[in-house]
Amino acid sequence: MRWLWYFIIYSFAGFLLEVAFARAIRHPKRDRKCLIFLPLCPVYGLGACLILAVSPLVKSPLWVALAGGLAATGAELAMGAFYRFALGVEFWDYAGLPGSLGGLVCPVFSLCWTALSLILVYAVHPPVAALAARIPPWLGPPALILLGSDVLVSCAALRRTGSTDVLRWYAP
C-alpha cells in the first residue's frame with residue numbers, strides 16, 4: 001500500500017504546485033486538478049512513482065537526475081497522450097515551446113523534471129516515506145476505492161464533455 005500513498009501524496013503535491021504556478025502567472029484557470037472530487041494531479045503521482053522506482057537502479061546523483069528526468073518525461077508523455085487520445089481533452093500544451101513533441105513534452109519541462117528528480121529523491125521522499133509508513137493499513141482499501149471511483153467518474157465526465165471545465169469546483 002505504500003505505493004498507493006506515494007501516488008496520492010505526490011498527486012496532491014502536484015496539485016499544489018500547479019495551483020501555485022497558475023496563481024504566479026495569473027492564469028484564469030486556477031484549480032489545475034485532473035479529478036472531479038479529489039484535489040489531485042495524477043501525472044505528478046505517476047511521475048514521482050516512476051522516479052522512485054528507477055532511482056534505486058542507479059547510484060550517482062547524475063544518473064538519478066537523468067533517469068528521473070526520463071521517467072517523469074515518459075509519465076508526462078503517456079498521461080498527455082491518454083488525456084488527448086482516449087478522453088479528448090488537454091491539460092497542457094507545449095506546442096509553442098522549442099523541441100515540443102506534439103505539445104505533450106518539451107525539453108524545457110524535461111529539464112525541470114530532471115532537477116525535481118534530485119529534490120524528490122534526496123530531500124522530499126525520505127520524510128514522505130516516513131509519513132506514508134505511519135498511515136494505518138486499514139485506510140488503504142477505502143483510499144483505493146475512493147481514488148478509483150474518482151478516476152472512473154472523472155474519465156467518463158471528461159470523455160463525455162471533451163472539456164476540462166467539467167472539473168471546476170469554483171464559480172467562474
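The structure is a predicted model, in which local features need pLDDT of at least 70 and side-chain atom pairs count only at pLDDT 80 or more, while totals for chains, interfaces and linings use all residues. Residues are numbered from 1 along each chain as its sequence is written, and side-chain values use heavy atoms, with hydrogens and water left out. The protein chain holds 5 helices and 0 strands; helices (H or I, at least four residues) and strands (E, at least two) are DSSP runs, numbered from the N terminus.

**Overall fold**

- Along the sequence the pattern of the protein chain is α-α-α-α-α.
- The radius of gyration of the protein chain is 16 Å, close to the 16 Å that the globule rule gives for 172 residues, so the chain is as compact as a globular protein of that length. The radius is taken over C-alpha atoms, and the globule rule is 2.2 Å times the number of residues to the power 0.38.
- Taken along the principal axes, the C-alpha atoms of the protein chain fill a box of roughly 45 × 45 × 30 Å.
- Of the 172 residues in the protein chain, 41% are buried. Buried means under 20% relative accessible area, exposed over 50%, and partly exposed in between (1.4 Å probe, protein chains only).
- Among contacts in the protein chain between residues at least 6 apart in sequence, 69% join residues at least 24 apart. Contact means heavy atoms within 4.5 Å.

**Helix spans and what follows them**

- Helix H1 (residues 2-24) has 23 residues and reaches 32 Å from its first C-alpha to its last, close to the 33 Å expected at 1.5 Å a residue. The expected span is 1.5 Å times one less than the number of residues in the helix.
- Arginine 26, which follows H1, has a positive phi, near 55°.
- Helix H3 (residues 61-87) has 27 residues; its first and last C-alpha atoms are 37 Å apart, close to the 39 Å expected at 1.5 Å a residue.
- Glycine 88 follows H3 and has a positive phi, near 75°.

**Helix H2 and isoleucine 51**

- The 13 residues of H2 should span 18 Å at 1.5 Å a residue, and the end C-alpha atoms are 18 Å apart, which agrees.
- The buried residues of H2 are Pro42, Val43, Tyr44, Gly45, Gly47, Ala48, Cys49, Ile51 and Leu52. These buried residues of H2 pack against H1, H3 and H4.
- Isoleucine 51 lies in H2 (residues 42-54) and counts as buried because its relative accessibility is 6%.
- Not counting residues up to four places away in sequence, isoleucine 51 touches Gly68, Ala71, Ala72, Ser117, Leu120 and Val121.
- Isoleucine 51 and arginine 23 are 28 residues apart in sequence and 27 Å apart in space, C-alpha to C-alpha.

**Leucine 40 and leucine 147**

- Leucine 40 sits in the loop between H1 and H2, and at 4% relative accessibility leucine 40 counts as buried.
- Leaving aside neighbours within four places in sequence, leucine 40 is in contact with Ile8, Ser11, Phe12, Phe15, Lys33, Cys34, Leu35 and Leu147.
- Leucine 40 and phenylalanine 7 are 33 residues apart along the chain, and their C-alpha atoms are separated by 9.6 Å.
- Leucine 147 belongs to helix H5 (residues 140-161) and is buried, with 8% relative accessibility.
- Not counting residues up to four places away in sequence, leucine 147 touches Leu4, Phe7, Ile8, Leu35, Leu38 and Leu40.
- Leucine 147 and leucine 35 are 112 residues apart in sequence but 9.2 Å apart in space, C-alpha to C-alpha.

**Surface and charged pair**

- The accessible surface of the protein chain comes to about 9,500 Å², of which 74% belongs to carbon and sulfur atoms. Accessible areas come from the Shrake-Rupley method with a 1.4 Å probe; for residues, only the protein chains shown count as cover.
- Leu17, Leu116, Ile119 and Val124 make a nonpolar surface patch of about 310 Å². Patches are made of residues with over 30% relative accessible area and no salt bridge, with like charges joined within 9 Å and nonpolar side chains (Val, Leu, Ile, Met, Phe, Trp, Tyr) within 5 Å.
- Helix H4 (residues 107-133) gives the most to this nonpolar patch, with 3 residues.
- Isoleucine 119 lies in H4 and counts as partly exposed, at 44% relative accessibility.
- The count of salt bridges comes to 1, a salt bridge being a side-chain nitrogen of Lys or Arg within 4 Å of a carboxyl oxygen of Asp or Glu.
- Glutamate 90 forms a salt bridge with arginine 84, the closest N and O atoms being 2.7 Å apart.
- Glutamate 90 is partly exposed, with a relative accessible area of 40%.
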